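Dear colleague,

Please find below the structure that I am handing over to you. My notes on its helix packing follow.

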Amino acid sequence: MSDATSPSETPGSPESPDFDAMARDIAEVPAVEVIVTVAVNLMSAAAVKLGLTEDAEDHKDLDEARKLVHALAGLLDASTTEISSFHAAPLRDGLKSLQLAFREASLVPDEPGQGPGEKYTGPVYG
């Protein structure tokens with residue numbers, strides 16, 4: 001048995017998280033990992049909102065997808081000098097794929113350079 005408590009268990013209050021333990025855990029994670037994890041979460045959420053999953057039509061919402069893709073592009077633009085090309089290259093490829101999927105899914109396509117995230121990436125062409 002372990003004496004350690006999980007982040008969701010605190011002595012005397014099992015339903016409230018132990019924020020001190022959670023802060024200690026996150027303090028050990030390198031910044032690059034946090035950035036990449038957030039980027040992957042944004043990519044996954046955008047893919048769902050673009051209808052690129054198995055139950056596509058149940059969750060498709062282009063307004064929400066636009067926000068997520070734009071946030072992903074901003075994060076990648078801001079972190080370009082902070083993460084290596086080893087991490088950045090696949091994230092940029094994923095971003096471009098999402099931007100192209102958004103363009104294809106839109107009934108009224110945005111003008112070149114006006115699509116989600118294109119403020120940061122420039123116009124995206126298929």
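Is the crossing of α2 and α5 left-handed or right-handed? The crossing of these two helices is left-handed, a term used if the near helix is turned anticlockwise from the far one by less than a right angle, with clockwise giving right-handed.

This is a predicted model, in which local features need pLDDT of at least 70 and side-chain atom pairs count only at pLDDT 80 or more, while totals for chains, interfaces and linings use all residues. Residues are numbered from 1 along each chain as its sequence is written, and side-chain values use heavy atoms, with hydrogens and water left out.

The chain has six helices and zero strands; both are DSSP runs numbered from the N terminus, helices being H or I with at least four residues and strands E with at least two. Buried residues make up 31% of the 126 residues, where buried means under 20% relative accessible area, exposed over 50% and partly exposed in between, with a 1.4 Å probe and protein chains only.

The axes of α2 and α5 come within 11 Å and cross at roughly 15°. Axes are lines fitted to C-alpha atoms, for helices over the stretch in contact, and angles run from 0 to 180 degrees between N-to-C directions. The angle therefore makes α2 roughly parallel to α5 (under 35 degrees is roughly parallel, over 145 roughly antiparallel, 65 to 115 roughly perpendicular and the rest oblique). In this pairing, Val-32, Val-36, Ala-39, Val-40, Met-43, Ala-46 and Ala-47 of α2 meet His-87, Leu-91, Gly-94, Leu-95 and Leu-98 of α5, contact meaning heavy atoms within 4.5 Å. These residues comprise 10 nonpolar, two polar and no charged; Ala, Val, Leu, Ile, Met, Phe, Trp, Tyr, Cys and Pro count as nonpolar, Asp, Glu, Lys and Arg as charged, and the others, Gly among them, as polar.

Helix α4 (residues 62-79) also packs on α5 (residues 85-105): their axes come within 10 Å and cross at roughly 155°. That makes α4 roughly antiparallel to α5, and the crossing is left-handed. Residues in this contact include Leu-62, Val-69 and Leu-76 of α4 and Leu-91, Leu-95 and Phe-102 of α5. The contact divides into 11 nonpolar, one polar and two charged residues.

Among the buried residues of α4 are Leu-68, Leu-72 and Gly-74. The cover over the buried residues of α4 includes α2 (31-49), α5 and α6 (118-121).

Yours sincerely
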